[in-house]
Amino acid sequence: MSPSRAGRFAFAACFVLVFAYVLAEAIWGYGETFRRARLFPLAIGIPCLLLALVVLGLEARSGSAAPASEPALAPDPAAEPPLEPAVARRRTLAMWGWVLGFFLGIWLLGFTIAVPVLTFLYLKLGAGERWVPTLLLTVLLFVFFYGVFDSALRLPFPPGVLLEPLL
Amino acid sequence: VLEYLQAFGAGLVNILPPARSDVFLMMLVGIAIGFAVGILPGLGAAATIALMLPFIFTMDPFMAFAFLLGAKAVTATTGDITSVLFGVPGEGVTAATVVDGHPMAKSGEAGRALGAALMSSLVGAIFGAFCLALAIPIVRPLVMLVGAPEFFMLALLGITYVAALSGGNVLKGLVLGGFGLVLAMVGLAPLDSVPRYTLDWLLGDEAIFLWDGISLIAVTVGLFAIPEIIELGTSGTSIARQQVGKLGGVMEGVKDTFRQWKLVLSCSGIGAYIGLLPGLGGGTAQWLAYAHAVQSSPDKERFGKGAVEGVLGPGAANNSKEGGDLIPTVAFGVPGSVSTAILLGAFIIQGLVPGPAMLDPAQHLPLTFSMVWIIVVSNVITVAVCFLFLGQLVKITHMKGTYLIPFLLLLVYLGGFTVKNAFGDLVLVVLFGAVGWLMVRYDWPRPPLLLGLVLGGIAEKNLFIATGAYGAGWLLRPGVILLALLIVVGIAYPFFERWRARRAAKPPLLVGAAHES
């Protein structure tokens, strides 16, 4: 998936909006009453807004191809060939789905239930693993989580919003 | 001098068998706890020492400090392991190791990265400990050199250097440094306790969660770990994409430490000095050391892609600061960091008063020197244990990615959650995961954002003190002018380098153009 020019422009515009919001709050929001609290936001916000506008202008002028400052890896002849853009896009969306799925699972069911359930679902449905590694890894991860964080460290894990009314 | 040397020797004798087997045993227990805490993301040294404090009531001072310092001294060392292997910092102070350590693991150099991280950590820890020993008689003038205006400028200098040097685009780096500072403003303002940027108009009552500020750990794991997990899942491979000789790689990392001895020692010096300055702490030391590693390298483009110097610098600094931040704690009762602030509680529990008595050979100087030895011995033991099991640790990077993803997601969300036990931090993890993913995609360097977040509170407090004490006059202090000049040089240097490179590339092009015409 190559980054689009519009996407890069929109991302740069977000920082302009953030700094504009920082200054607006410091001038017309809390800063009107609490003048000491706005000293640092003004000192940082004004130069940063100007810098963000310059970056936005540069992004608007540049083409869609940009050299990456943090490329994942240098090209390597022994490495796997790059994925088809459509496959990469589909897999990326699926991975984001699992990242959000784990978050929602933990929020709804709590860590104690979500950890084994989502591990099992990811390995079986997301990764298409066979039954033995799926069950083995699910049990191992649950034992690790429960043994270290719940039993040994006694960290407080709330039950999750779905189960809270039942407990 | 003889009295100092005798106390120095007594400090060692008092923590080792046969004289004090009980102290040594307690140090081993502390090391085991610190080892685990360092590896598990989200559990910091400060929280651990707080949890350990109640157990020292029945111990004598040597046992108590062996127990607490043994744990504190090794968390940064083992925290590097998860930073390198999974891109998830085991500790806030090991986040900088992710930037180059994890790309090394991905390119099959996990052994080398871990070898470099562990050996530089050991060198840094020993350096910091001996700084503590040597600084005891001369510490006061060093701390007094730096006032609030210089503290503020030091924070800006750190951000500028990391922004200018950690990636290809200086302007984007500076914007992100500023964005990090803005994130640090979220919450109650330090002086007026008025909520700032807590999005009350959007979140309603839920905005109270943001009054406490934005968690550094949630931002760190989101920015660095989520994009790695997405990439791992998308590529369908293991973390390491190439097979290499694992143990050979480890020795290469150890050799790197000694090949780059100047860098390791200078970063150890940075760590010890930053540790010495109250309030800056390891979070700052690692990034300044990283910036120094980039700045002192002739080949800056390699950084962020797996440069071993990017592992050596932070590795040395985040351990050497352990000795440094004990100096103001022991000498003045001014803690250098959050964890030493909690450690100060141990002094009170043990009936000790920081200050002259801790530096007097006739009183508690042997105990002070035993702290030096505890830092050294506990790091030697930890690094030796790590090297024994490094082969097994490196194998993890060759495991199938799909086996690791649930484990990584669990660590990421636990890391975010355990700081404040709040679901709101999980939202921050996901949100900054998306931001981090977009930053990689659109070519924005991530380290300046984190440094801005770390330094924001310190910078604001010192700007306020400087303005309150001196008005605008603080801008004319010699130290401030010197630091401002360094900032200008830091910003201008990448542009100068680019201009020089373009100029060097011009003559052949002109010759080529002349031939064509």
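**Note on helix packing, salt bridges and the A–B interface**

1. In this predicted model, helix H5 (residues 95-106) of chain B and helix H6 (residues 110-135) of chain B pack at an angle of about 150 degrees, their axes lying 7 Å apart. Axes here are lines fitted to C-alpha atoms, for helices over the stretch in contact, with angles running from 0 to 180 degrees between N-to-C directions, and helices are DSSP runs of H or I with at least four residues, numbered from the N terminus. Since angles over 145 degrees count as roughly antiparallel and those under 35 as roughly parallel, H5(B) and H6(B) are therefore roughly antiparallel to each other. Gly101(B), Met104(B) and Ala105(B) of H5(B) make the contact with Ala110(B), Arg112(B) and Ala113(B) of H6(B), contact meaning heavy atoms within 4.5 Å. By class, this contact has 4 nonpolar, 1 polar and 1 charged residues, where Ala, Val, Leu, Ile, Met, Phe, Trp, Tyr, Cys and Pro count as nonpolar, Asp, Glu, Lys and Arg as charged, and the others, Gly among them, as polar.

2. H5(B) also holds Lys106(B), whose side chain meets that of Glu228(B) in a salt bridge (3.1 Å, N to O). Glu228(B) lies in helix H11 (residues 216-235) of chain B, so that the pair, 122 residues apart, links distant parts of the chain. A salt bridge is a side-chain nitrogen of Lys or Arg within 4 Å of a carboxyl oxygen of Asp or Glu, and by this rule the count over all chains comes to 15.

3. Helix H2 (residues 21-39) and helix H4 (residues 61-86), both of chain B, pack at an angle of about 30 degrees with their axes 6 Å apart, and H2(B) and H4(B) are therefore roughly parallel to each other. The contact of H2(B) with H4(B) has 16 nonpolar, 8 polar and 1 charged residues.

4. Between the chains, 78 residues of chain B are in contact with 72 residues of chain A. The two chains bury about 6,700 Å² between them, 77% of it on carbon and sulfur atoms; buried area is the accessible area (1.4 Å probe) that two parts lose on being put together, summed over both. Tyr197(B), Phe423(B) and Tyr442(B) supply 10% of the area that chain B buries against chain A, more than any other three residues.

5. The count between chain B and chain A is 3 salt bridges. Lys400(B) forms a salt bridge with Glu129(A), their closest N and O atoms being 3.0 Å apart.

6. Residues are numbered from 1 along each chain as its sequence is written, and chains are lettered from A and ligands numbered from 1 in the order in which they are written. Local features need pLDDT of at least 70 and side-chain atom pairs count only at pLDDT 80 or more, while totals for chains, interfaces and linings use all residues, and side-chain values use heavy atoms, with hydrogens and water left out.

How values were computed:
Helices (H or I, at least four residues) and strands (E, at least two) are DSSP runs, numbered from the N terminus. Angles under 35 degrees count as roughly parallel, over 145 as roughly antiparallel, 65 to 115 as roughly perpendicular and the rest as oblique.
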